[in-house]
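The exercises below concern salt bridges and the places of their partners in the chain. Work through each task before reading its solution.

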Amino acid sequence: MNLRSIHQRHFLLTAGMILISFLMLGVSFLALTYRFAVRETKNTLDTNAVFIANVTTMFLEQGFDMEDLQTHDAFAYLSSTANAEVVICDENGAILYSDEPENMEERPQRRQVPFRVLRGIDDDGYQTMSDLGIYGHSKFVVAMPIVYQQQVAGYVFVTASTENLTRMWRSFGVIFGFTAAAVLIIAWFSCYFSTRQQIQPLRDLTDIINRFGMGEYDLRAEEKQSSEEVEQLARAFNVMADSIASAEQRRQEFVANISHELKTPMTTISGFTDGILDGTIPPAQQRECLQVVSEETRRLSRLVRRMLDMSQLSAREQEVLCQSQFNITETFAQVLISLERKITSRGLDVDAQFPDQDVMVWGDPDAITQVCYNLLDNAIKFAEPGSFLGVSIQPKGNKAWISVRDKGETIPPEELSMIFDRFHKSDRSRSLDKEGVGLGLYIVKTILNNHKETITVTSEDGITEFRFSLTLAE
């Protein structure tokens, strides 16, 4: 039997509990009925033995001899009313009366009660299980002495067979067997129908998971289930499926974007190189074409370098960064100085709102420097010429909040949620950004995630602002 089935496990557990309960009840009932039956039988035999012993003493007092008991009708009457077998013997064990005279005559060697039985009888008699040396099997026996003239004149044995108890136990066993079988059948059907309702949603969910694993990423499980546990499982699967489907979509976009980013410069390089080699491009224009080839080569180099940076950041997501205290105000000032030529070339006014005192924060100084550089470089590229570039650092609570603002085109709300994705470039950026590869903001997001920090972006009325946090040092 395959014990991996929920129905089989449930049924075996239920059947085991039922059988154990029946067994305990049966043993308890048998013990109680046995003790009760034995006690009642012995009490009845004891009463009858005392009565017959007293009657026998009365007969002796009336002048009868012990040998006369065999022929006296009164003893046959007493034996029939006692609902038991009566044996009377003299003081030496010779049987004088038995309610089975025919059987006794057929077995003359058993007309004597052994001495070992007689010597165990005291004035109060005794109760035991014995064959008295005259029966072929043990019976309930109550023995009582016959006292006449203060001497033991004989003994009365009143016996009862154990067949009644045996029949009772056999009947009980039959009833127990039929009842247990009926209960087990009912339990089996109950387990079958109850577990079927539990198993069917799991089978449906298994089928969905198998089909999902084969690439049907649009499948989702029904969250309204018959049980709370299965409903939670279906909900968890749907969350996982949404995450996997989203990751698969990003993977496909990643492959498409990187193919596009690699194909464009390589096509340009190949075209100009072939034109120079086959003479299509005249010598007077070759220098200009070689300048384009050089720019596209540097663009490919930047793309590869950014991809390496992205790979290293992904590998470090689970690592503990080497954090230290550093002055974020000084870091931002150095980045602004390094970008001074770009800022001047676009005619931007810098609005820097830095606190008078140093702002010490925790983090990886090199990584945070890259965050500042990427955000400022991005803002410079997309700011309108002659507009402004805003930078602010504001300590608040246990965090330092840093923001970078620029004035340019408003980013559509549907693109704000994708702006930190790998290789994501809006239509605006594709037309204006000739050098970017769509990895700068993804690297920013990854670095801040590794620092357990947050970054947000808003874009309204042409003002786009990136705002991120860093933990203040004590």
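**Salt bridges**

Asp207, Arg211 and Glu216 are linked in a network of salt bridges, a salt bridge being a side-chain nitrogen of Lys or Arg within 4 Å of a carboxyl oxygen of Asp or Glu. The model is predicted: local features need pLDDT of at least 70, side-chain atom pairs count only at pLDDT 80 or more, and totals for chains, interfaces and linings use all residues. Residues are numbered from 1 along each chain as its sequence is written, and side-chain values use heavy atoms, with hydrogens and water left out. By the salt-bridge rule the count is 9.

**Exercise 1.** Locate Arg211 and Asp207 and state how far apart they are in the helix.

Step 1. The closest N and O atoms of Arg211 and Asp207 are 3.7 Å apart.
Step 2. Both residues lie in helix α5 (residues 163–213), 4 residues apart, about one turn of the helix. Helices (H or I, at least four residues) and strands (E, at least two) are DSSP runs, numbered from the N terminus.
Step 3. Arg211 has a relative accessible area of 34% and Asp207 one of 38%.

**Exercise 2.** Decide whether Lys139 is buried or exposed, and find its partner.

Step 1. Lys139 meets Glu85 in a salt bridge, 2.4 Å from N to O.
Step 2. This pair links distant parts of the chain, 54 residues apart: Lys139 is in strand β4 (residues 139–148) and Glu85 in strand β1 (residues 85–90).
Step 3. Lys139 is buried, because its relative accessible area is 3%.

Key:
Buried means under 20% relative accessible area, exposed over 50%, partly exposed in between (1.4 Å probe, protein chains only).
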